Amino acid sequence: MKLSTGLVCVMFAFGSPAMAQMSVTTIGATDAVSCYENARNDFSRDTNPCDDALNDNSMSRSDRKKTLVNRGIILNREGDVGAAISDFNKALDIDGSLGEAYLNRGNSYYLMRRYDEALADYQQSLETDLTKPWAAWYNIGLAYDAQKMSEKAKEAYQTALDLNPNFSQARQKLEN
């Protein structure tokens, strides 16, 4: 199964800044693909395809870990952060090097205002197979901003921009 990622920036309903999230692609005409599409859609809150896919006992371990991450993204969006963390943990139990699971679990901690844990997960995502590291650096900047550590935040935003010069969110943070 080919693994690719799509960057999804989400504005959560309860007022947190947009965080970079990474959904994980699944290939084929299945509930897992519908789950991925819902994770990529900033407005979708429908976990039903994810639930259906995860109930399929014939699903490969690779698709299972990806579907768990994608459902976790949707659960974060719904505000069910505890369930999202559970899904990210299950994905990491399958594959401890899944950078997208660390990145998105970090987002869960960020939403809970547990910034040190968020930072630890963002850093861990950079040490794994994360395909778009600028997303982690951007989120590191957000966590430092939340802790009123503006110099560290600026450094993180600059690193994100250095890695992806077209990443407009990091550019906007540096301009502000």
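These questions and answers cover a disulfide, an arginine and a glycine in a predicted model.

In this predicted model, local features need pLDDT of at least 70 and side-chain atom pairs pLDDT 80 or more, while totals for chains, interfaces and linings use all residues. Residues are numbered from 1 along each chain as its sequence is written, and side-chain values use heavy atoms, leaving out hydrogens and water.

Biologist: Which residues form a disulfide, and how far apart are their sulfur atoms?

Modeller: A disulfide is a pair of cysteine sulfur atoms within 2.5 Å, and the structure holds 1. Cys35 and Cys50 form it, with their sulfur atoms separated by 2.0 Å.

Biologist: Which helices hold Cys35 and Cys50?

Modeller: Helices (H or I, at least four residues) are DSSP runs numbered from the N terminus. The pair links distant parts of the chain, 15 residues apart: Cys35 lies in α1 (residues 31–40) and Cys50 in α2 (residues 48–54).

Biologist: Is Arg71 buried or exposed?

Modeller: Buried means under 20% relative accessible area, exposed over 50%, and partly exposed in between (1.4 Å probe, protein chains only). Arg71 has a relative accessible area of 16%, so Arg71 is buried.

Biologist: Which residues beyond four places in sequence are in contact with Arg71?

Modeller: Contact means heavy atoms within 4.5 Å. Arg71 lies in helix α3 (residues 61–78). Leaving aside neighbours within four places in sequence, its contacts are Cys35, Thr47, Cys50, Asp51, Leu54 and Asp87.

Biologist: What separates the C-alpha atoms of Gly79 and Met112?

Modeller: Gly79 is in the loop between α3 and α4 (81–94). Gly79 and Met112 are 33 residues apart along the chain, and their C-alpha atoms are separated by 9.9 Å.

Terms used: Helices (H or I, at least four residues) and strands (E, at least two) are DSSP runs, numbered from the N terminus.
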